[in-house]
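Here is a short briefing to read alongside the model. Have the viewer open and follow the topics in turn.

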Amino acid sequence: MAALGVVGEHPHRPPPQIAVTQVGADDDFVGVPNYERLHLPQAGPERLTHRPIREDGAMPPNAGRPARLSLDAIVAAATRILETEGLEKLSMRRLATDLGSAPMAVYHHVRDKDDLLVHVMESQARAMPRPSFPDDPRERLIEASVLLYELLAERPWIVEVLTGKDLIGPSALWIVEAMIGAAADHGCSGDDAVFVYRTIWFYIVGDLVIRVARHGRVGENETVAALTVDTHPRLAAVAGRWAELNARDTHRRGITAIVNGLLG
């Protein structure tokens, strides 16, 4: 899709020029009112700038000076949106609004939303604790897996990013290394160690996705409570405690059972 910017006419100037910028379909600044995007001729590589224009088409004083931003400020603002409102509410336009800037100013620091999310996840990964794990490979794998679960449980938006996009912060891979290393130290081959990690990972993500999606919903509990011993005797026997059982935090028990089953 092309965004067109037209330089205003003047009686003593050459005819209007049109600068065409190719814009990706997902770029939020497409169609933003009162902004034109121009390719300005200059020595060296072409530079992309933006200049606000008034309703009458004239340039206001000091036009073309985006608010001073830093990557750290952009990441911090994006993190606030993700933590309070979730991934769905994060867009480059919304981020620029929260920062009191123009969308193009944000694009000076990040390529697109995916690039922004990688920066945010990298920031989160660098801030996460890195405790010492037990020497015993089995216990080390359990503790590393439990830590991974709990870190993600505190940041459910990361689970949403990881399950919807092929993105990851490189600084988070230390815990994957620890889990695969523990399996290998127990005697697993390289391929089997990766299988162990992936099995635990799928449990962690699946459990958290279901918990987040089910939060505040009661449909399943009501359905189970209505079952009778004639059709579902086992479920009917626990139907009165089904909501309580579903609400229990059993992630350590579940991870321990999976690790013991995988390692034998």
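**Core, helix packing and one exposed site**

The largest nonpolar core holds 54 residues, and Leu95, Val106, Leu116, Leu141, Leu152 and Ile204 have the most contacts inside it. Such a core is a set of buried Ala, Val, Leu, Ile, Met, Phe, Trp, Tyr and Cys residues joined through side-chain atoms within 4.5 Å. Its largest share, 9 residues, comes from helix 5 (residues 137-153). This is a predicted model, where local features need pLDDT of at least 70 and side-chain atom pairs count only at pLDDT 80 or more, while totals for chains, interfaces and linings use all residues. Residues are numbered from 1 along each chain as its sequence is written, and side-chain values use heavy atoms, leaving out hydrogens and water.

**Around Val106**
- Beyond its neighbours within four places in sequence, Val106 is in contact with Leu69, Ile74, Met92, Leu95, Ala96 and Leu99 (contact means heavy atoms within 4.5 Å).

**Helix 4 with helix 6**
- Helix 4 (residues 113-127) packs on helix 6 (residues 156-164) at about 135 degrees, with the axes 12 Å apart.
- Leu117, Val120, Met121 and Gln124 in helix 4 meet Trp157, Ile158, Val161 and Leu162 in helix 6.
- By class, this contact has 7 nonpolar residues, 1 polar and no charged ones.

**Ala257**
- Ala257 sits in helix 12 (residues 251-263).
- Ala257 is exposed, at 51% relative accessible area (buried is under 20%, exposed over 50%, partly exposed in between, with a 1.4 Å probe and protein chains only).

Methods: Axes are lines fitted to C-alpha atoms, for helices over the stretch in contact, and angles run from 0 to 180 degrees between N-to-C directions. Helices (H or I, at least four residues) and strands (E, at least two) are DSSP runs, numbered from the N terminus. Ala, Val, Leu, Ile, Met, Phe, Trp, Tyr, Cys and Pro count as nonpolar, Asp, Glu, Lys and Arg as charged, and the others, Gly among them, as polar.
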